[in-house]
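Thank you all for coming this morning. I would like to walk you slowly through one structure, so please have the sequence and the model open while I talk.

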Amino acid sequence: MGGAQGTRRPKVAFLVNGPESGPIGERARAFASRLAHRFDLLIAYRTSGGLQSITHFVALVRREQPDVCYVLDLSYSGVVAGLIAKSLWRTRLVIDTGDAVYELARSAGLRGPIGLALTWLLERVSLRAADRVVVRGTYHGKLLASRGVSATVVQDGIDTTVFSSGAPDEIRERLGLHGVLSVGFLGSLVWSDRLQIGYGWDLVEAIRLLGDMPVKGILIGAGTARPILEARARDYGLGNRMLFLDPVPYQEVPHYLAAIDVWLSTQTNDIPGNVRTTGKLPLYLAAGRYILASDVGEASLVLPPEMRVEYRGTVDREYPVRLAERLAALVRAPALLSLGAQNTKTARALFDYDVLSRRIEAVLDSLTTDAAV
């Protein structure tokens, strides 16, 4: 597996705080496949919660003795295992995170005081203890720098060759999208009781505001927000102007991306929203679709002005009004949708895994120079 006789390639263990089928599992595999020429790589996924998962990761690290533990996402299982490996076996530790987890938990109100305190402690200890920190948003890197933590920005990625084409005709026919402006949202639908919003809420509200205009909303996903939004759509009498679809298999996503005219990417204008790239933005870009995104975080840096919509604060009740105005403008001037084709170039330049993996290689090189002897 190695190069010249007398040398060995550094060994890197990716500890994924999530299932094999999840997006961070895909991120780990994408990097591993592109770095296999340079490092001996292994990937372990969290298969359960709590102590059992920590034990699984620690046993793997003890057996394999990697030079680097690369932990994806700030969750106890991988982080604790990485800290144990660093302490006991002098394994170098990389933390790869896409969220400001404490601020996110506090804003969403999903954890009580003890849970919040533990989240704060997890984030603070792991970022300070890590030999290298990787973040997925430009503003996250700036935020950590202001707190004395140096980080490398490696955004959520995409294989642009997979998502740059799709076969939309059958889906458009089945969903009744001919003759209308179709607007989609794809993702996990989480509802915040404290904020009284959830992913996709702005789409439902915008469709209501557009009245009888030829616009149809398509919300793809599952989670606590879905039944709330479905009930709201019924109360508004939206009928087939607002469709709710179950999550689609990964291999079918490119076809849905190609079938729908406009895709939404909405983040709140606060710390949790600004630090995120979100994995969906690169998907929409790679597919060459027209995007309407809140003018927040990575979207504010990579999208043209006509695809950015002002969002104020954490809960902006007027955002659907501004979103509806943009959609109405597209109904009146559908030729504007062709501007989405330019997004493919942005995806290739900024978010393709071939580009991002070179940054990961530099991070790992900086930690393993002495190991390759």
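**Rings, sheets and one arginine**

Let me begin with the rings, because the structure holds six aromatic pairs, where rings of Phe, Tyr and Trp (its six-membered ring) pair if their centres lie within 6.5 Å, and where planes under 30 degrees apart count as stacked, over 60 as edge-to-face and the rest as tilted. One of them is formed by Trp263 and Tyr284, whose ring centres are 5.1 Å apart and whose planes meet at 20°, so this pair is stacked. Trp263 belongs to strand β12 (residues 262–265) and Tyr284 to helix α13 (residues 280–286), so the pair ties together parts that are 21 residues apart in sequence; the helices (H or I, at least four residues) and strands (E, at least two) are DSSP runs, numbered from the N terminus. Trp263 counts as buried, because its relative accessibility is 0%, where buried means under 20% relative accessible area, exposed over 50%, and partly exposed in between (1.4 Å probe, protein chains only). Tyr284 is buried too, with a relative accessible area of 1%.

Another pair is made by Tyr311 and Tyr319, with ring centres 4.9 Å apart and planes at 50°, so it counts as tilted. Here Tyr311 is buried at a relative accessible area of 2%, and Tyr319 is buried at 0%.

Before I go on, two remarks on the source. This is a predicted model, in which local features need pLDDT of at least 70 and side-chain atom pairs count only at pLDDT 80 or more, while totals for chains, interfaces and linings use all residues. Residues are numbered from 1 along each chain as its sequence is written, and side-chain values use heavy atoms, with hydrogens and water left out.

Rings can also have a charge above them, which is counted if NZ of Lys or CZ of Arg is within 6 Å of the ring centre and within 35 degrees of the ring normal. Arg38 places its charged end over the ring of Phe39, 4.8 Å from the centre of that ring, and Arg317 lies over the face of Trp201, at 5.9 Å from the ring centre.

Now to the sheet that contains β12. In what order do the strands of this open sheet of six run? The order is β11-β10-β7-β12-β13-β14, and the pairing is parallel, where two strands pair if DSSP finds at least two bridges between them. The edges are taken by β11 (242–245) and β14 (308–309), each with a single partner strand, so one side of each is left without a neighbour in the sheet.

Seven of the nine residues of α9 are buried, so the helix is largely enclosed by the rest of the structure, and among the buried ones is Trp201. Just after α9, Gly211 takes a positive phi of about 55°. Helix α10 (residues 225–235) lies across β10 and β11, at about 155° to β11.

There is also an open sheet of six strands in the order β2-β1-β3-β4-β5-β6, with parallel pairing. At its edges stand β2 (40–45) and β6, each with a single partner strand, so one side of each has no neighbour in the sheet. Strand β4 (residues 92–97) is joined to strand β5 (residues 132–135) by four bridges, and the two run parallel; Asp96, for instance, has Val134 in β5 as its bridge partner.

Not counting residues up to four places away in sequence, Arg132 touches Leu93, Val94, Ile95, Val363, Ser366 and Leu367, where contact means heavy atoms within 4.5 Å. Between Arg132 and Leu209 there are 77 residues of separation in sequence and 47 Å in space, C-alpha to C-alpha.

Key
Axes are lines fitted to C-alpha atoms, for helices over the stretch in contact, and angles run from 0 to 180 degrees between N-to-C directions.
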